[in-house]
Amino acid sequence: MAHLPQVKIPATYIRGGTSKGVFFRLQDLPERCQVPGEARDALFMRVIGSPDPYSAHIDGMGGATSSTSKCVILSKSSQPEHDVDYLYGQVSIDKAFVDWSGNCGNLSTAAGAFAIHAGLVDPARIPENGTCVVRIWQANIQKTIIAHVPVTDGQVQETGDFELDGVAFPAAEIVLEFLDPSDDGEEGGSMFPTGNLVDDLEVPGIGSFKATMITAGIPTVFVNAEDIGYRGTELREDINGDPAQLARFEQIRIAGALRMGLIKTAEEAATRQHTPKIAFVSPPKDYRTSSGKAVKAGEVDLLVRALSMGKLHHAMMGTCAVAIGTAAAIPGTLVNLAAGGGEREAVRFGHPSGTLRVGAQARRVDGQWTVTKAVMSRSARILMEGWVRVPAESF
C-alpha cells in the first residue's frame with residue numbers, strides 16, 4: 001500500500017502561563033484546514049498525537065495532560081479595534097475529538113506574545129522599548145482580552161524575574177485583562193445561569209451538594225471541599241490515581257452542565273470535556289505544594305483545586321482563575337464565603353503548585369451582578385519554532 005509523505009507546516013511551540021501549545025498562523029495551515037471542520041480537527045489531533053490509547057503522546061507534540069494538549073490559530077483580526085483573532089482547540093488525549101467550546105487563559109498570554117512574533121500586529125503599534133498593548137479577540141467565546149507585552153529593541157521580551165508558581169523558571173511578566181468576561185451581556189446569557197449565587201445541585205446516584213455555577217472566564221461549577229470529603233489541600237496524586245473519585249467528579253460536572261444549560265442530555269458531556277470546569281474550595285489551611293514548598297494559611301485567602309479534562313490540574317487554569325476572582329468578588333458565593341465573605345476586588349488563592357493573585361471588578365446593576373474586568377499576571381516563552389510534520393493521509 002502506498003503512503004502519502006509527511007506535510008511540513010510552520011508552527012511555534014510556546015509555553016503560556018502553566019500550559020503549552022502548538023501555535024499556527026491561519027495562513028500557514030493547509031487550505032482545507034483554514035476553515036473549521038473535520039480536516040482541521042484531524043490535523044490538530046495528529047499534531048498532538050491523539051487519540052492515544054496509551055495516554056502518553058509519544059507520537060506527537062502533546063504532553064499527555066490537559067495543560068499540554070492544545071493547539072492555537074492566530075490571524076489578523078476581523079474585528080474593529082482588535083489586532084488578532086485567537087482560536088483555541090483543546091485536544092482530547094484518549095478520544096478522537098477537539099473541544100472548541102472555551103478559552104485557555106494561560107495560552108491567552110502566549111497569544112499576545114505570538115501575535116507580535118508572527119507579524120500580526122501593526123508595526124506602528126509596537127514600541128522600540130516599553131509595553132505593547134495587544135488587543136485580542138477570543139474567537140471561541142467572543143470576548144476581548146488585552147495583553148500587556150513587554151518589548152525590548154522592538155522584540156518581545158521573554159526573559160525576566162517574574163516567578164509563576166507551577167513554572168520552574170522565571171520569565172518576563174505579561175499582564176492580562178479579560179474584559180466583560182461573563183456571559184451576562186449575551187442574549188439570554190447570565191453570569192449565574194441558574195439565577196442563584198448558590199444552588200442545591202442534585203447529582204443522581206451520588207447526592208446533593210451546595211454549588212456556585214458561574215460563567216466568567218469559563219463556565220465553572222464550584223463546590224465545597226468538605227462536602228465531597230476533601231480538605232482542599234490535595235495534590236494531583238491524591239485524586240488522579242483514583243478512578244472512582246474521578247468518575248464522581250465527572251458526574252458532578254455533568255449535573256452542573258445540565259443545570260447551567262450547557263448541554264441538553266448527559267450524553268453530550270462526552271464531547272464537551274473542556275467546559276464546564278469543576279472546582280472545589282475551602283478556607284485557608286497550611287499545606288505543601290507539589291514542589292515541596294510550604295504555603296501558610298495566612299498567605300492566602302482560600303484554597304482552590306480544579307479539574308480539567310477529567311484530571312486534577314497541576315496548578316490553575318487561567319480561565320478558571322478568572323472565574324475564581326469574579327466569584328470571590330461577589331458576596332455570598334461559595335468562593336466568596338471560603339475567602340471569608342464580604343466585598344473584595346482581589347483574591348490570592350492556593351493551588352497545588354503554589355499561589356496566584358487575581359483581581360476582578362464586579363458590581364450590581366438592576367439587581368444583577370456584572371463583572372467589567374478581571375486581571376492577572378502570567379508569562380510566556382517560545383520553546384521551539386520551525387515546522388511540525390504530519391502524515392498527509394491523517395487529514
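## Backbone features in loops

Met309 lies in the loop between strand 16 (302-308) and strand 17 (311-312); helices (H or I, at least four residues) and strands (E, at least two) are DSSP runs, numbered from the N terminus. This is a predicted model, in which local features need pLDDT of at least 70 and side-chain atom pairs count only at pLDDT 80 or more, while totals for chains, interfaces and linings use all residues. Residues are numbered from 1 along each chain as its sequence is written, and side-chain values use heavy atoms, with hydrogens and water left out.

The phi of Met309 is near 55°, a positive value in a residue other than glycine. Met309 counts as buried because its relative accessible area is 16%; buried means under 20% relative accessible area, exposed over 50%, and partly exposed in between (1.4 Å probe, protein chains only). His57, also not a glycine, has a positive phi of about 55°. His57 is in the loop between helix 1 and strand 3 and is buried, with a relative accessible area of 3%. Pro51 lies in the loop between helix 1 and strand 3 as well, and the peptide bond joining Ser50 to Pro51 is cis, with omega about -5°. Another cis peptide bond runs from Thr275 to Pro276, with omega near -5°; Pro276 is in the loop between helix 4 (243-260) and strand 13.

## Helix 1 and its surroundings

Eight of the eleven residues of helix 1 are buried, so the helix is mostly covered. The buried residues are Ala39, Arg40, Ala42, Leu43, Phe44, Met45, Val47 and Ile48. They pack against strand 1, strand 2, strand 3 (70-76), strand 4 (84-91), strand 5 and strand 21, where contact means heavy atoms within 4.5 Å. Just after helix 1, Gly49 takes a positive phi of about 105°.

## Pairing of strand 1

Strand 1 (residues 6-16) runs antiparallel to strand 21 (residues 380-391), with eleven bridges between them; two strands pair if DSSP finds at least two bridges between them. Ile9 has Val388 of strand 21 as its bridge partner. Strand 1 is also joined to strand 2 (residues 19-25) by five bridges, again antiparallel, and Thr12 stands opposite Phe23 in strand 2. The hairpin of strand 1 and strand 2 has two residues between the strands, and Gly17 in this hairpin takes a positive phi near 60°.

## Aromatic pairs and charges over rings

There are six aromatic pairs. Rings of Phe, Tyr and Trp (its six-membered ring) pair if their centres lie within 6.5 Å; planes under 30 degrees apart count as stacked, over 60 as edge-to-face and the rest as tilted. The rings of Phe44 and Trp100 have centres 6.0 Å apart and planes at 40°, so this pair is tilted. The pair links distant parts of the chain, 56 residues apart: Phe44 is in helix 1 (residues 38-48) and Trp100 in the loop between strand 5 (98-99) and helix 2 (105-117). Phe44 is buried at 0% relative accessibility, whereas Trp100 is partly exposed at 24%. The rings of Tyr230 and Phe280 have centres 5.3 Å apart and planes at 25°, so they are stacked. Tyr230, in the loop between strand 12 (218-224) and helix 3 (236-239), and Phe280, in strand 13 (residues 277-282), are 50 residues apart. Both Tyr230 and Phe280 are buried. Ring pairs also link Phe24, Phe44 and Trp100 into a cluster.

A charge sits over a ring if NZ of Lys or CZ of Arg is within 6 Å of the ring centre and within 35 degrees of the ring normal. The charged end of Lys8 sits over the ring of Trp387, 4.3 Å from its centre, and that of Arg305 over the ring of Tyr287, 4.7 Å from its centre.

## Nonpolar cores

A nonpolar core is a set of buried Ala, Val, Leu, Ile, Met, Phe, Trp, Tyr and Cys residues joined through side-chain atoms within 4.5 Å. The largest has 68 residues, and those with the most contacts inside it are Val134 and Phe222. Apart from this core lies another, of 21 residues, among them Ala11, Leu29, Cys33 and Ala42.

## Cysteines

With a disulfide defined as a pair of cysteine sulfur atoms within 2.5 Å, the count comes to zero. For Cys33, the nearest cysteine sulfur is that of Cys71, 11 Å away. For Cys320, the nearest is that of Cys104, 12 Å away. Cys33 is buried, with a relative accessible area of 0%, and Cys320 is buried at 0% relative accessibility.
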